[in-house]
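We will walk from sheets to helices, and finish with a look at confidence.

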Amino acid sequence: MMHDQRKSDGPVVPTKSPNNAGKPEAEAVEGRGPAEGNADQDSPPRTQSRISADAALSRVRQAAKRDRKARLTALLHHVGIERLRTAFFSLEKKASAGIDGVTWAQYACNLESNLQDLHARLHRGAFRAKPSRRVYIPKADGRQRPLGIASLEDKLVQRAVVEVLNGIYEVDFLGFSYGFRPGRSQHDALDTLSVGIRRKKVNWVLDADIRGFFDTLDHGWLMKFVAHRIGDRRLLRLIQQWLSAGVLEDGRWTSSEEGTPQGASLSPLLANVYLHYVFDLWIKQWRKQPARGEVIVVRYADDFIVGFQHESTARTFQVELEARLRRFHLELHPDKTRLIRFGAYAAAQRAERGEGKPETFGFLGFRHICTKTRSGKYLVARHTEAKRMHRKLRDIKSELQRRWHIPVSEQGSWLRSVVTGFFQYYAVPTNSRRLDAFRHHVVRLWCRALRRRGQRDRTSWERVGRLAQRWLPPPLILHPWPEARFDAKTFGKSPVR
């Protein structure tokens, strides 16, 4: 017999899992949602109400497109039960709980009643955002990045709100903005950058980094930017709640007067909105001024690269960009922002000055390098960033130590998933050597782990080689050349911006 207690300010959480549960209930307790594409499992049905909700959101999108200056009202009613349900099933099933302690599996046991209660509180104004639970994860430079783990209901309401807001902002956002947008990936940004450098007259590159962007984002400016398009006071009040909910760390609450909680579903969209008004619209207008030469820009969240034809234009831009950012309480990181000579003629021009090889820059995990093909044509090579690969290998070493005494087949299965995931992102043309080096280091780490399983263990390289051949995928290129994918996606008609 299951006992639950209903509360008006939170979900119904069972104290015991249901007996004689059918398949959906059992999956809910285990923390698994219906697998995508699996006909044997029930997935969230695309009901008539969901179709109606999509149609209503489509009308909002059309209204936003007809009048790009209009403030759209009555938006919160689009966050209905069906949209909340879809948002719930899109959450990570095994994610850590927030300060409320409610997990995905617990919430799923009484999903419909929980969603009904959440929907009612949301629309009568009784929903209150909870503080995030502060945790830290290591950064590539050895520092700690603070993350905020939101409560489960905050997560799913934010997911639903983001879906509604995307219907508006996807009309407004510009083409060179790629971060955290539907249908756009990191590889789309990387392809566009490579194609732009090769096809446009790029001789200089500004590798820019905004210092602590997510931590210093100004709430006042952000709410003004959001209010340009959003006229629903209830939705604005809800966003303000999330911004000011604060964080809970070691039992102590800290207010949030600036920044957005990293890890929250809403943060990437709000970051894009902020930079859309601060950076995107500004540089779009800036490039229209005469005598500028060709300028390309690719932005992924707060990470962006700008290419220039003329050095004078690049230096003028950097000065004006710093002034622009200061106006909105942002600044470029002095140690991570560089203007470098880069492009088809960079090698020859630096050789004339006795400056050595062209400098390189990093973007989205890849080191971009000026080089040539075997036939002598200019090429932008992309190699895995050394610090990214070293950090991944350290993580693998640490995890292998924790898995020393599990069966070799389980170790191999886990390593295969890790290496496969690494290759799926980094297996781009010109990166073969780094892929091969990564796999080689993984095999060495596995060999050392196997030899430490016992004092008498003498695992040979031959045996480890056979295990690697069985379990680890070969270092094959999985992505096409940037030009091929860029032209295929744009049908060769979209210009590099």
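Start with the open sheet of four strands, ordered 6-7-3-8 and paired in the antiparallel sense. Strands here are DSSP runs of E with at least two residues, helices are runs of H or I with at least four residues, and both are numbered from the N terminus. Two strands pair if DSSP finds at least two bridges between them. Select strand 6 (295-300) and strand 8 (338-341): these are the edges, each with a single partner strand, so one side of each has no neighbour in the sheet. On average, neighbouring strands in this sheet are turned by 15 degrees against each other, direction ignored.

Before going further, a word on what you are looking at. This is a predicted model, in which local features need pLDDT of at least 70 and side-chain atom pairs count only at pLDDT 80 or more, while totals for chains, interfaces and linings use all residues. Residues are numbered from 1 along each chain as its sequence is written, and side-chain values use heavy atoms, with hydrogens and water left out.

Now select residues 204-209 and 303-308. These are strand 3 and strand 7, an antiparallel pair with six bridges. Zoom in on Asp-209, and you will find Asp-303 of strand 7 opposite.

Which helices lie across strand 6 and strand 7? Show residues 186-199 for helix 7, which runs at about 165 degrees to strand 6. Then show residues 267-286 for helix 11, which also lies across strand 6 and strand 7, at about 175 degrees to strand 6. Axes are lines fitted to C-alpha atoms, for helices over the stretch in contact, and angles run from 0 to 180 degrees between N-to-C directions.

## Stop two: helix 7 meets helix 18

Show side chains at the contact (heavy atoms within 4.5 Å): the residues include Asp-191 and Arg-198 of helix 7, and Arg-485 and Phe-486 of helix 18. By class, this contact has three nonpolar, three polar and eight charged residues. Ala, Val, Leu, Ile, Met, Phe, Trp, Tyr, Cys and Pro count as nonpolar, Asp, Glu, Lys and Arg as charged, and the others, Gly among them, as polar.

## Stop three: helix 6 and helix 10

Select residues 152-172 and 233-244. Helix 6 and helix 10 pack at about 135 degrees, with axes 12 Å apart, and are therefore oblique to each other. Asp-154, Val-157, Gln-158, Val-161 and Leu-165 of helix 6 meet Leu-235, Leu-238, Ile-239 and Trp-242 of helix 10. Seven of these contact residues are nonpolar, one is polar and one is charged.

Next comes an open, antiparallel sheet in the order 9-10-11. Strand 9 (361-363) and strand 11 (378-384) are its edges, each pairing on one side only. From one strand to the next, the twist averages 40 degrees. Select Phe-361 and look for its bridge partner in strand 10, His-368.

## Last stop: confidence

Colour by pLDDT, the predictor's confidence in each residue, from 0 to 100. The protein averages 86, and 86% of the residues score at least 70. Over residues 1-8, pLDDT is below 50, and over residues 14-43 it stays under 50. Where pLDDT is low, the predicted coordinates should not be read in detail.

Key:
Angles under 35 degrees count as roughly parallel, over 145 as roughly antiparallel, 65 to 115 as roughly perpendicular and the rest as oblique.
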